[in-house]
There are 4 protein chains.
Amino acid sequence: MILRCLQPRLALGRRAFSTTVSRREILDAESLPNRIIPTYQESQTSDLLSLQWPSPPRNILLVKKKHAPNVTESLIEFARHIHSNYDDVALIFEPKVAAQMHKHFSFPIYTSSTSHALSSKVDMTTTLGGDGTILHASSLFATTLHVPPILSFSMGSLGFLGEWKFEEYKRAFREVYMSGAGAGSPLLQDQKHPHVKEGAVTGWSSVRGKSMGPTRSSKVLLRNRLKVGVFDAAGQRVIGDDSSESAEGDVHAMNEVIIHRGKEAHLAIIDIYVGGRFLTEAVADGMIISTPTGSTAYSLSSGGSIIHPLVSSLLMTPICPRSLSFRPLILPANTPITLRLSEKNRGRELEVSIDGRRRSVGVGVGMEVRVNGEHISRGQAWVGGVPCVMRGTRAEDDDGWVGGLNGLLKFNYPFGEQ
Amino acid sequence: MILRCLQPRLALGRRAFSTTVSRREILDAESLPNRIIPTYQESQTSDLLSLQWPSPPRNILLVKKKHAPNVTESLIEFARHIHSNYDDVALIFEPKVAAQMHKHFSFPIYTSSTSHALSSKVDMTTTLGGDGTILHASSLFATTLHVPPILSFSMGSLGFLGEWKFEEYKRAFREVYMSGAGAGSPLLQDQKHPHVKEGAVTGWSSVRGKSMGPTRSSKVLLRNRLKVGVFDAAGQRVIGDDSSESAEGDVHAMNEVIIHRGKEAHLAIIDIYVGGRFLTEAVADGMIISTPTGSTAYSLSSGGSIIHPLVSSLLMTPICPRSLSFRPLILPANTPITLRLSEKNRGRELEVSIDGRRRSVGVGVGMEVRVNGEHISRGQAWVGGVPCVMRGTRAEDDDGWVGGLNGLLKFNYPFGEQ
Amino acid sequence: MILRCLQPRLALGRRAFSTTVSRREILDAESLPNRIIPTYQESQTSDLLSLQWPSPPRNILLVKKKHAPNVTESLIEFARHIHSNYDDVALIFEPKVAAQMHKHFSFPIYTSSTSHALSSKVDMTTTLGGDGTILHASSLFATTLHVPPILSFSMGSLGFLGEWKFEEYKRAFREVYMSGAGAGSPLLQDQKHPHVKEGAVTGWSSVRGKSMGPTRSSKVLLRNRLKVGVFDAAGQRVIGDDSSESAEGDVHAMNEVIIHRGKEAHLAIIDIYVGGRFLTEAVADGMIISTPTGSTAYSLSSGGSIIHPLVSSLLMTPICPRSLSFRPLILPANTPITLRLSEKNRGRELEVSIDGRRRSVGVGVGMEVRVNGEHISRGQAWVGGVPCVMRGTRAEDDDGWVGGLNGLLKFNYPFGEQ
Amino acid sequence: MILRCLQPRLALGRRAFSTTVSRREILDAESLPNRIIPTYQESQTSDLLSLQWPSPPRNILLVKKKHAPNVTESLIEFARHIHSNYDDVALIFEPKVAAQMHKHFSFPIYTSSTSHALSSKVDMTTTLGGDGTILHASSLFATTLHVPPILSFSMGSLGFLGEWKFEEYKRAFREVYMSGAGAGSPLLQDQKHPHVKEGAVTGWSSVRGKSMGPTRSSKVLLRNRLKVGVFDAAGQRVIGDDSSESAEGDVHAMNEVIIHRGKEAHLAIIDIYVGGRFLTEAVADGMIISTPTGSTAYSLSSGGSIIHPLVSSLLMTPICPRSLSFRPLILPANTPITLRLSEKNRGRELEVSIDGRRRSVGVGVGMEVRVNGEHISRGQAWVGGVPCVMRGTRAEDDDGWVGGLNGLLKFNYPFGEQ
Ligand SMILES: NC(=O)C1=CN([C@@H]2O[C@H](COP(=O)(O)OP(=O)(O)OC[C@H]3O[C@@H](n4cnc5c(N)ncnc54)[C@H](O)[C@@H]3O)[C@@H](O)[C@H]2O)C=CC1
Ligand SMILES: NC(=O)C1=CN([C@@H]2O[C@H](COP(=O)(O)OP(=O)(O)OC[C@H]3O[C@@H](n4cnc5c(N)ncnc54)[C@H](O)[C@@H]3O)[C@@H](O)[C@H]2O)C=CC1
Ligand SMILES: NC(=O)C1=CN([C@@H]2O[C@H](COP(=O)(O)OP(=O)(O)OC[C@H]3O[C@@H](n4cnc5c(N)ncnc54)[C@H](O)[C@@H]3O)[C@@H](O)[C@H]2O)C=CC1
Ligand SMILES: NC(=O)C1=CN([C@@H]2O[C@H](COP(=O)(O)OP(=O)(O)OC[C@H]3O[C@@H](n4cnc5c(N)ncnc54)[C@H](O)[C@@H]3O)[C@@H](O)[C@H]2O)C=CC1
């Protein structure tokens, strides 16, 4: 692998000053420079967007699957590779992971316990794990409009959201890191733009100088999210004990929000309003409001259709409705939906889960879950959505969706021996 | 109403001795004579069975819906009617209901806290409530092979299992009480059969004498049950804290047994064995094993077909399976089915519910729920099943099933304004 | 009704010259002035568009349900009303209908047998019938990008596409006719714009002068269509014998295109390509590619989800697929889809239907049905789609969709007696 | 293979007289001795029946898939093997097949064009082909109560009904041929029973003499059929032009009877009666009434559940019903079902298909398709059903159903790469 031969390299930049004393240290991510917000360009040959960094990313968040020793090893390998090959790149970990990992590194790592710090510092997220790890990474930015791009590596079997195999990590990271550093980028002519430290050689030129071919920019699928708020019978916002929930605004979901009877043996009764109008009273195990991304998750198990992630829409899929005629509905993404616990539930509490995580506080009679598609504004500076870096080896216009249906979901799997 | 004119009547029989002293008393049902087991005859015009009492029923269990004041009033009205019009009939209530009700009666009532006493004393059960009340009544005999016939009155809207409207209670009770007392019954000639107290006028002749037409016998639908046992990883039977569960044998379900993730946010993984052979690994919210009776309950909500209660079979319906190809299965009633918690669940506990009641003890990894259709032996003395008294006003050969599909389930409800 | 009092009126304009000689005549629609193309404005309070005529519509196409005598009577009533109350309005009928109807009218009517004439002359279409009549009316413009707005009256029971009850016809027609003639419209100040005959009083001022309130503009739902082309194994376009099919371009469907085994007793085998990539081999009765509008038609019967007409998308729903795992798919509207008859069909021919009309020529092995969502370009001059005039009595922001689900489709119809 | 060493053998019996003159001849099956009707015994270890020939089968019908050259070759090989190794066995073919094949044989073969002859002569049927071939073989006995046992070989991929791979043909045929010839069978002691030609050595002893192990009897799955009759509006039975339909009685179906709109583009309207009661008006592509065997055929594609063939029942599955609430129903096998073409179809004709074969004559308004489960009478002499010889290598109590679900239908096929 070519990148290896960059070694030994000169440890330049800010890390040079800390090598001897602060090795194995965990630093506060607040001390890092503010994040760089990339732009996303539409292309003619593909429905995917093209990632453009105004300057090389520097603060990389590394998220890993829990309780999985083999993933920990891969994470160490990955982190060492980044540290060794990319100048100026700082690695950020979640607090528990940082505590567990830092002894393995001969260089300082960063962490932060506030979602605010992550939102303001992280240039890009890398996940090692499965779909659940990606959902978790996305949840770290559940109250942010500018989610940093996510580069996801699947450990073990490929998930439906996960894009890259871990074996590809060197090429994958380089591709994303370099994305937008192509010819014509003003940055490469003028190194002194505000984001770049005075006098520094950008990571791009150091990496690019090493006789590598022209850089393709990474393709990004901007996955729509849902905005979810929980309100009590008096219309006041209810906050769970979850750090990702803020008093001011909604939480964002990447797959879905679910309301469910949980361990109650009895049916839940939920009044549903669509666009402000009463739609129906659902008597069911629960209700799912899902993104198109989530259409291959719980909604699929509950009988929902499979929706391409680029169809701007919301799915309303009932879970075991006590009705013969409750067919899943698909609504425009901007339709406000309210799920209200009917008085008929007589004091029972239902559970609310977002992307597979149960909210600590259930909802009682009269309480409402209000859902809305996140507005994504287009243009150079796209706002909203979760930018997922897609696999680079596919044909220019392939978003991998057809492949996932067949390879992972066994869509229309043929009858007969094979 | 004709029966009213039977009044004033002479209070004869055992109750005569207790009027003054034991009014408002709650007596132990153990003191009642042993139950009378009816026979069921097949008929040529109908798939329903015909109820035949060898002598008039005497010990009537009255079960009512909980937390429903209007039902309590109806229960009082109903109990007083029975007491006033039927000699020798003793009324049994569940302990809490007895405690709550006895002050309303000027005659003693009976109760028992052991399922054994109920099984050995109750001639017939009457329910006032909805389907849930019938399920509950049936659960009182969950370990018995000879479930007494159930006469069910719906309070409010008609349920799918409930048969009679409460307004019909006088005619309904009389019809069941008299069932089998028709011409040619040897009992009426010979009053001194073993079940009848020496010298007593049977309830039948006293009621029959009052110029009422010839008696039709009541039609009974014998609903198949499931036998359910829970076993630990070592193959030992696990008992819940439920009085209806016995150490020796299986519990019977009228609708279904369910295994479910409950409040766990993650998918359950269940290994399924059918007839001793491994069928599949279900990754799902849960699994339902249902009777045909239960096919219109939870199984229906989960996408199962509707099965006529006389099709001797078991349904296996997954709840939100993470698969595109898990279609509901219907198996012969005698197929043993085992649901085993896979090791992959990693320490999670699943919930087990029988007929909508959660077992207090969940099942952990390696534990098994073993299910089997109850064997019903035919002949004069049918054994097994829950004998449900069907509505008498229908045509001779009508089991009410088609009516229920249309009237209650809104089966194939037509499109368009009406 | 106020409009009635406009009578007696002076027969002005072009019809004045033909009154004596050409009554009961059928004239060629080619002689009519060219059509007026309305604009559609987006509003903030509603997802519906607002219809704006630059000048009053003059050429109205009247389409009626076939084989329905009661509809014929209503059509006569409707036509007489328009003729009596709206100056300058010419009525166009399909040839057979014109031949059948003209004896009922004391004024000339118009017809045309070419779809080209309809596309260039018709300002607006009115349908009397059911959903099938609307589909038929839409099919008359199957090769046009600028479909004139459709005002649809349901005869008998309300359909899902039909919007107005026939009883409302006077108000409905007036509302559409006047739409855009509101205050601030330059036309009302300056009567001499190019579309208006020199010296004529426009219909608007004559109608408006009669003390009616301010005009609301009609709300229009622009329904997405599909473009469908059939190609032989050599890639040449195949034309049916249908006048609506042209040699140059695609036919547009409002509901769906279907490929089906027809009367063949055997399964059809269809290779499906999505976005140029092979998706799957369907072994089935057939395949449906549907618009969101068509999601409540055949696709619904085949198990598809219900999609709001404003979700820009295509549905791919299999008809009785021989597979457990062929779930309906929903794709972005601009995804090209190809259905190709596999060689495995061994010489069988399949049938192709568009909006419920069977194409005269079936498709054989190697032939392809190519489908694509119609591109709708936004802005003042929307191009593409079928503009359907929505009912005016609803709340400003109500598109009637929720009402249709509940009122017509009996969505989530509750269990139990009512 | 052991059987080969039986060669050379003495050509005894009736064929000895015809060898020189009648080689390559096609003889009339009427000249064969009457068929031998086997008995079927219930066993304790299995739900399958055990086949018992009172004397060795002699008249074997060979049915092959059409238009499949490789099957023709296998048929020749198979026929030669039977002729060479089994004394007294005559081979019967369908007329067209006989004409096509007889030149390949050095011995006479038999044929018959009447279904009567087949019913009275055939001891056992062997099929070479797929499920369609088995359905066709079964249709040759569509009016018979005593269908001869069917031994089916799949050519190419295994079907769901087909049991044996062609490679196994020698062992399979021998097993069926010998079935019931076990120790203790009185027949083997006394060769002179009525069915056996005077003085002849039975095939059994000649085969058995050759040092083969003790014979297991073949296991038979008795598949329930449907009885189907078509009646005109006046209640008169309507006969298609199909030789399998008789004027007197019903036709039997092994999979299902279907009523379908065929090439009509419009929905069919069908009134459904169950047990004499009006159930519902189906507005749909069509209706399926299926056996449990057919539950994995068309009914499965239409959303029906999968039913084990031993659940005595009928399935009613709608094909694309225009309703949200038409769930598949499962009824007791003895429920009479009537499908009646509603007057609302206005002169349209629907198509009726039995086991995938379209009846030549469609059904018009007012006509009825009447369906009933075939009554199977138990006991030594089972009457009714199609006896299918099951694969012998499975465990004693394995009916192969679970294996078929997983291996052929890809039931609950797991997600993810493998
Ligand atoms: N998502 C669902 O559909 C769920 C269904 N259930 C069902 O509820 C049953 C327990 O009933 P309840 O105690 O009343 O609980 P519940 O208060 O949750 O009501 C269950 C509903 O099911 C109806 N029902 C019960 N048995 C039926 C049957 N055999 N056929 C048709 N309808 C039936 C009842 O009338 C009631 O409307 C369970 O046996 C289970 O079948 C329980 C939980 C969830
Ligand atoms: N019955 C069901 O199908 C249930 C599904 N879930 C889903 O699980 C998700 C949470 O995932 P985990 O934390 O991994 O929980 P988990 O351990 O329960 O696994 C959920 C499974 O869903 C897959 N998955 C997640 N998102 C997906 C997507 N968008 N498309 C396709 N597959 C996807 C995962 O790879 C995993 O196999 C929830 O958002 C919910 O959608 C949760 C509970 C029950
Ligand atoms: N959309 C659908 O699923 C349709 C299904 N069919 C079925 O095809 C049957 C006729 O079979 P062919 O003549 O071979 O026609 P065919 O050539 O159309 O093939 C039907 C397929 O169904 C399979 N099949 C037949 N009976 C089966 C059973 N009982 N269980 C599982 N698979 C079965 C066959 O192996 C074959 O793959 C009909 O009885 C009907 O059930 C017929 C038309 C459409
Ligand atoms: N099995 C089924 O559900 C079938 C459905 N169709 C549908 O019928 C349509 C043609 O309609 P007609 O000429 O009236 O044929 P038709 O006389 O067969 O009636 C079709 C029914 O579908 C309704 N319908 C049509 N378009 C609709 C829509 N977009 N949403 C909701 N309901 C709708 C009509 O009101 C009518 O009740 C086709 O485009 C196709 O979608 C056609 C054949 C079979």
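Reply:
**Where chain B meets chain D**

Between chain B and chain D, 26 residue pairs are in polar contact, with both residues at pLDDT 80 or more. (A polar contact is a pair of N or O atoms within 3.5 Å; within protein, one must be able to donate a hydrogen and the other to accept it, and sequence neighbours count only if both atoms are side-chain atoms.) Bear in mind that this is a predicted model: local features need pLDDT of at least 70, side-chain atom pairs count only at pLDDT 80 or more, and totals for chains, interfaces and linings use all residues. Residues are numbered from 1 along each chain as its sequence is written, chains are lettered from A and ligands numbered from 1 in the order written, and side-chain values use heavy atoms, with hydrogens and water left out.

On the charged side, the rule finds 2 salt bridges across this interface, counting a side-chain nitrogen of Lys or Arg within 4 Å of a carboxyl oxygen of Asp or Glu. One of them joins Arg277(B) to Asp398(D), with 3.5 Å between the closest N and O atoms.

So which pieces of chain B touch chain D? Strands E15 (277–290), E16 (306–307) and E18 (329–332) and helix H10 (401–407) each supply at least two residues. (These are DSSP runs numbered from the N terminus: helices are H or I with at least four residues, strands E with at least two.) E15(B) gives the most, with 6 residues. Sorted by class, chain B's side has 22 nonpolar, 12 polar and 8 charged residues; nonpolar means Ala, Val, Leu, Ile, Met, Phe, Trp, Tyr, Cys and Pro, charged means Asp, Glu, Lys and Arg, and the others, Gly among them, are polar.

There's strand pairing across the boundary too. E16(B) runs parallel to strand E18 (residues 329–332) of chain D, over 2 bridges; DSSP must find at least two for strands to pair. Within that pairing, Ile307(B) has Ile330(D) as its bridge partner in E18(D).

As for overall extent, each chain brings 42 residues to the contact, meaning heavy atoms within 4.5 Å. The size of an interface is often given as the accessible area lost when the parts come together. Here the buried area (1.4 Å probe, summed over both parts) is about 3,500 Å², with carbon and sulfur atoms giving 57% of it.

How values were computed: Buried area is the accessible area (1.4 Å probe) that two parts lose on being put together, summed over both.
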